[in-house]
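This report describes surface patches, salt bridges and selected residue positions in a protein model. Please read it alongside the sequence and the structure.

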Amino acid sequence: MDSSNDEALDIIITNVVATFRTRCHLNLRTIALEGINVIYKPDMGKVLMKLRKPKITASIWSSGKIICTGATSEDDAKVGARRLARTLQKLGFKVRFSAFKVVNVLAVCSMPFAIRLIDFTKKNRPIASYEPELHPAATYRIKHIKATIQVFSTGSITVTGPNVQNVASAVEQVYPLLFECQKPRCK
Amino acid sequence: MPRPALSCPGCGSSNIVDDALYAQAQLVCVDCGSVVSEGALVDDPVGGSAVSYSWSTAVDKKPCANLIKGLQRVKALCRSLRVHGEIENLSQTNYRQAYQHESFIKVSLQKKEVLAGCCVLVSCRLLNWPITMGTISCLLDADPMVVGAVYQEMVKILNITAPIVNVTDVMEAHSQEYKICSPQVPEEFAANSKDLTKRAVALVELAADSWIITGRRPVPIMMAAIYLAWQSLQPTKHRLKFSLDKFCQIAKVNKHKAALKRITEIKEVLCKLGREIPWVREAVTPDNVVRQVEDILQHRYALLRRALRTHEEALLEECQASCEDSPTDDTAPSEISEPVAQTKNSSSAEQCEPNAERAKRSGDGDADPCTALELHGDTQESQVPATNWGKRMLFAPPCVIHPKKRRMEQPELKDVTGDEEISDSEIDSYIRTPQEARDFALVQKMLSASESEKS
């Protein structure tokens, strides 16, 4: 369906969340003391470490499980995670980078037309749900690729899915449905 | 029979035998006769029987007292909203069904009350009685977020698809809440409720056309519409100076903060239309536009067409004046004459676009002000229709007019593979030197010491 348009739709990935394990126990107080850009949260039992180069924030637990958020691509997330593991290694922990997995990808896309949400919801019940008083967007969940799409009436959509491939196919799937319910933008 | 490994607490001997006295098992020391331990006299389970009274067939199961109270609450809500009998019956059925479900049977009484309100809401929606969630939250005196969450869960459990409420439908029901008729307030503030509703509905329709309603909560919009309608019915100096706060006080409704923003937005739209009125000499500003509201609403479709036409002409002139290429100059005059003649606005908007695109393509890559007008510093062409439709159109939602600045993508992103080498020097920038670490620890100690001194 994309090939029938004059312009390709720009899907901008805004956030990639990934997890990995270090296979060793981590002493959070040492990390807080010897690491720069580190915030210690003893009440939550974790340490927040922010990297500069791929702009990533990592939550580090003492069990060795680490969640990295804020990357803009899957490869970026991997580089950031490895940099983090390297930093922990240098701090003296016997880190082994393992079980790296991208858990969530958030992308934003803008349609070149506005959308009639009430029409869209009526045509796609029960996959789509819209409660205007609670949230201004209609939610469309595609079960088999585990993607959730939030459709706004201005034409912007946000897509969350387990990886970039799923997000792209979700946008492809939903585009014809949105095209049917478009609203002319003047007025 | 002697029991091994037991000693009598009285004499210390290990000669202890099993001796049952009247069917009660006992361990007795042979030498001194004291009882070391004894079994239970009765074999009943501790704390009552294994089968509770309510589960046994001893008594007929009575309906839960809270369920009955809940049903009465549903009835009370329906009565206070003055809905008809069908809605009351449907909401009671729904409540009974939802109450028995496992996700609602064990929640707090407060949530059960919210559930009652949600059942009334969904029944009203199914039977085409316009009502907003805001009204229900007010009636229940509950957090709108909680009401929303319970509503969504209930709809999922009961598998109901309720039609969506239109703001214009709810307007009438909402305006009944405002006590602004003659006997209730002094004569100078009174307004006929029919006129008030009619004007407020017209204002809401205007707001719907200009992207004010989409994505916003309905109650503040309705409040803003009623306030402006009330002011414009008799635009005396006193009424115009009357703030929203005081209006809500005399009408005996709770003020919503968002209503102030909506009032500003609706006034802006009214100004845009007010400028097109041919017989108004003075400049139309948000302060004096309320006087013109009656005329604006009466002729709003004609004014809307005029405003859109003027806006397109202004845009075409800007494009023309800033574009340097002659081919575009030849085509532009022919395009200007067309928008004036036509009433359909969609095609004229599209004509502005090919004009601009032609200018872009034939431009020599120098900073064309026409394209600068549209691109806002974005170099990606595919983003042009998305970012500039807010500037191109006369009415657009605020999120499009003031888009969030997206951080620019770094060019080195394309070369990242995920498996590159990471140099030591890079990593060292994230680790404190031992001296720094010692200083940091010292400072932390000093800070915590001074804090504990203060407290």
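Helices (H or I, at least four residues) and strands (E, at least two) are DSSP runs, numbered from the N terminus. With these labels, Ser56(B) is placed in the loop between strand E3 (35-38) and helix H1 (65-81) of chain B. The model is a predicted one, and the values below were computed from it.

**Ser56(B) and its setting**

Ser56(B) counts as partly exposed because its relative accessibility is 21%, and the range for buried residues ends under 20%. Between Ser56(B) and Ser103(B) there are 47 residues in sequence, and their C-alpha atoms are 25 Å apart in space.

**Surface patches**

In chain A, a patch of positive charge on the surface brings together Arg21(A), Arg23(A), Lys65(A) and Arg96(A). One of these residues, Arg21(A), belongs to strand E1 (residues 11-21) of chain A. Arg21(A) has a relative accessible area of 38% and is therefore partly exposed.

Thr22(A) is found in the loop between E1 and helix H1 (28-34) of chain A. Is Thr22(A) buried or exposed? Its relative accessibility is 0%, so Thr22(A) counts as buried. When residues up to four places away in sequence are not counted, Thr22(A) touches Gly64(A), Ile66(A), Leu88(A), Lys94(A), Val95(A) and Arg96(A). Arg96(A), one of these contacts, is also a member of the positive patch.

Chain B carries a nonpolar patch on the surface, formed by Leu442(B), Val443(B), Met446(B) and Leu447(B). Together these four residues have about 390 Å² of accessible area. Leu442(B) is located in helix H21 (residues 434-454) of chain B.

**Salt bridges**

Side chains of opposite charge can pair when their charged atoms come close. How many salt bridges are there over all chains? The count comes to 11, with a side-chain nitrogen of Lys or Arg required to lie within 4 Å of a carboxyl oxygen of Asp or Glu.

| Asp119(A) | Arg116(A) | 3.4 Å |

In the pair within chain A, both partners count as partly exposed: Asp119(A) has 31% relative accessibility, and Arg116(A) has 38%.

Glu205(B) counts as partly exposed because its relative accessibility is 30%, whereas Arg300(B), at 10%, counts as buried.

Asp245(B) lies in helix H11 (residues 244-251) of chain B and Lys255(B) in the loop between H11 and helix H12 (258-274), so the pair ties together parts that are 10 residues apart in sequence. Asp245(B) is partly exposed at 42% relative accessibility, and Lys255(B) is partly exposed with a relative accessible area of 32%.

Elsewhere, salt bridges that share partners join Glu131(A), Glu133(A) and Arg125(B) into one network.

Notes:
Residues are numbered from 1 along each chain as its sequence is written. Chains are lettered from A and ligands numbered from 1 in the order in which they are written. This is a predicted model: local features need pLDDT of at least 70, side-chain atom pairs count only at pLDDT 80 or more; totals for chains, interfaces and linings use all residues. Side-chain values use heavy atoms; hydrogens and water are left out. Patches are made of residues with over 30% relative accessible area and no salt bridge: like charges are joined within 9 Å, nonpolar side chains (Val, Leu, Ile, Met, Phe, Trp, Tyr) within 5 Å. Accessible areas come from the Shrake-Rupley method with a 1.4 Å probe; for residues, only the protein chains shown count as cover. Lys and Arg count as positive and Asp and Glu as negative; His and the chain ends are not counted. The place of a charge is taken as NZ of Lys, CZ of Arg, CG of Asp or CD of Glu. Buried means under 20% relative accessible area, exposed over 50%, partly exposed in between (1.4 Å probe, protein chains only). Contact means heavy atoms within 4.5 Å.
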